[in-house]
Amino acid sequence: MQSKGRLLIVEDEKIALKNLVHVMTKEGYDVAGTQSGATALGWIESQSFDVVLTDLRMEKVDGMQVLKKCRERSPDTEVIMITGHATPESAVEAMKSGAFFYIAKPFRLDDVRKVVREALEKNLLKRENRQLREQIEGYEGKVKIITQDPAMLKVLEMARQVAPTDCNVLITGESGTGKELFARYLHYNSGRADGPFVAVNCGAFGEELLSNELFGHEKGAFTGALTLKKGLIESAQGGTLFLDEITEMSPAMQVKLLRVIQEREVLHLGGTAPVKTDARYIAATNRDIETVTRDGSLRQDLFFRLNVVNLHIPPLCERKGDVAPLSYYFLKKFSVLMKKEVNDISPEAISVLENHDFPGNVRELENIIERGVAINTGQTIELAHLPEKLREASAQMFRKKEGRVPSLEAQEKAYIRWVLNEAGGNQTVAAQMLGINRVSLWRKLKSYEMDDGTLLDGTP
Ligand SMILES: Nc1ncnc2c1ncn2[C@@H]1O[C@H](COP(=O)(O)OP(=O)(O)OP(=O)(O)O)[C@@H](O)[C@H]1O
Ligand SMILES: [Mg+2]
């Protein structure tokens, strides 16, 4: 029979202890019992109990100390006090210190059973709530950035350092690399973490609408402005304003924004009195920073204001080592969210993922794993659960010819031929691309009888 819960009984009277252990074991609990408060403290330190039933008055270590230890070591554990010398004061004291219930001797066994059952129900509820909270916080509230890539770790270290400062930050990187994630990381690791994180996609609105959203307007500022509207800059008061796709903002708006950042006050559309603002600004763009500052999509003066620190996130194809850890991270996330038991990814599937270039970066990988979990009926993401496009690309590499896989030699020949072709026939360049020296390449070409004029035309 499966245990209904783990119980610790601490009672210095031998007979009473034996009785309680016997009764509770019969109830289906997994019971540990001791006459010594000191032993109980050691057990609480090293094991986990759902409910602790303890005598209050004991020699040396008493019930209050047992209760205190439980509160320190395992906040979910419920403690029930028993005593033969019940005084109202000690009952109150025990309850105040967090005891679940207080039972006075002599007691009816039925009462003890009932109280233990209720304590267990509460314990279960607490644990479920905590697990749920951890899941939600782990994946939504607190920001987790997964990486083991040396270049990314440097970016992360830099982010860790600037987060608590009030510096404005410009985050650059291709689409889907994690710019918004980093912006949230900065916010939640700053003194503004309890304030709002407000994200605006500057590319999602037309000029007028964006201006209205950012700066707000006074009542009657234009036809249809029936009430006063606060802007997003004000909404980010005490928090962080994340300006995504900053280069999509018109130059005129950029001037207005620059003024707000510098003056720390905002003027509503149609307003005359500026309103004080206090936001930290984080901007992002997926475009090349040199190009956008040169072609004017991002005004130099605004650029300097925002780019106090630049965090550049490398594309996923430049950090293939992150593919596996990210895959497992997303696997866990989606298994929990979809309440499925998918908990592994086959080596073949990982290898196909690692060979993919991910133009959509981490977001693309996330979507692939989400789909892999959704369509899965087993416990492992296999090749079959990956998108066809990816599987095809990998099959191409190992296509069977007349029912047989090509030999290693044939594969090597084909590969060298392809690299030579990529190198425009230049053997020195090809050797560099292959990571071998020129003489080794020449030897291979000789031994494969490839050192003739047919080198350039061949594809595998
Ligand atoms: N290192 C990482 N660890 C965990 N999750 C990540 C990581 N990088 C990106 N993600 C996740 O990938 C998804 C895309 O990231 P995000 O939205 O931050 O990208 P982005 O750079 O802002 O993209 P876009 O330019 O398209 O707006 C998000 O769900 C994010 O949580
Ligand atoms: Mg984004």
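UniProt positions are given in the numbering used here, and such annotations may be inferred rather than shown by experiment. On that basis, an unreviewed UniProt entry places the feature "domain: Sigma-54 factor interaction" at residues 145–374. In the structure, which is a predicted model, the chain over residues 145–374 is 43% helix and 15% strand.

The surroundings of ligand 1 were examined next. A total of 19 residues surround ligand 1, and the closest are Ser175, Gly176, Lys179, Arg363 and Glu366. By residue class, the shell divides into 7 nonpolar, 5 polar and 7 charged residues. At least two residues of the shell are supplied by each of three helices, namely α7 (179–188), α13 (323–337) and α15 (361–374). At the level of domains, at least three shell residues are drawn from domain 2 (165–313), and at least three from domain 3 (317–397).

Polar contacts to ligand 1 involve both side-chain and backbone atoms of the protein. A polar side-chain atom of Lys179 is placed 2.7 Å from an oxygen atom of the ligand. For Ile146, the contact is made by a polar backbone atom, which is 2.9 Å from a nitrogen atom of ligand 1. A polar backbone atom of Glu180 likewise lies 3.1 Å from an oxygen atom of ligand 1. On its own, ligand 1 has 630 Å² of accessible area, of which the protein covers 85%.

An unreviewed UniProt entry lists Asp55 for "modified residue: 4-aspartylphosphate". Asp55 belongs to strand β3, which spans residues 51–55. Asp55 counts as buried because its relative accessibility is 4%, the cut-off for this class being under 20%.

Between Lys276 and Lys339 the separation in sequence is 63 residues, and their C-alpha atoms are 47 Å apart in space.

Most residues other than glycine have a negative phi, and most peptide bonds are trans. The peptide bond from Lys105 to Pro106, however, is cis, with omega near -5°. Pro106 is located in the loop that connects β5 (101–104) and α5 (109–141).

Positive phi values occur at two residues that are not glycine, Glu245 and Asn361. For Glu245, phi is about 50°, and the residue is found in the loop between β10 (240–244) and α10 (251–263). Glu245 is classed as partly exposed because its relative accessible area is 29%. For Asn361, phi is about 55°, and the residue is found in helix α15, one of the helices that contribute to the shell around ligand 1. Asn361 has a relative accessible area of 0% and is therefore buried.

Conventions:
Residues are numbered from 1 along each chain as its sequence is written. Chains are lettered from A and ligands numbered from 1 in the order in which they are written. This is a predicted model: local features need pLDDT of at least 70, side-chain atom pairs count only at pLDDT 80 or more; totals for chains, interfaces and linings use all residues. Side-chain values use heavy atoms; hydrogens and water are left out. A residue is near a molecule or strand if one of its heavy atoms lies within 4 Å of it. A polar contact is a pair of N or O atoms within 3.5 Å; within protein, one must be able to donate a hydrogen and the other to accept it, and residues adjacent in sequence count only if both atoms are side-chain atoms. Accessible areas come from the Shrake-Rupley method with a 1.4 Å probe; for residues, only the protein chains shown count as cover. Helices (H or I, at least four residues) and strands (E, at least two) are DSSP runs, numbered from the N terminus. Ala, Val, Leu, Ile, Met, Phe, Trp, Tyr, Cys and Pro count as nonpolar, Asp, Glu, Lys and Arg as charged, and the others, Gly among them, as polar. Domain bounds come from an automatic or database domain assignment. Buried means under 20% relative accessible area, exposed over 50%, partly exposed in between (1.4 Å probe, protein chains only).
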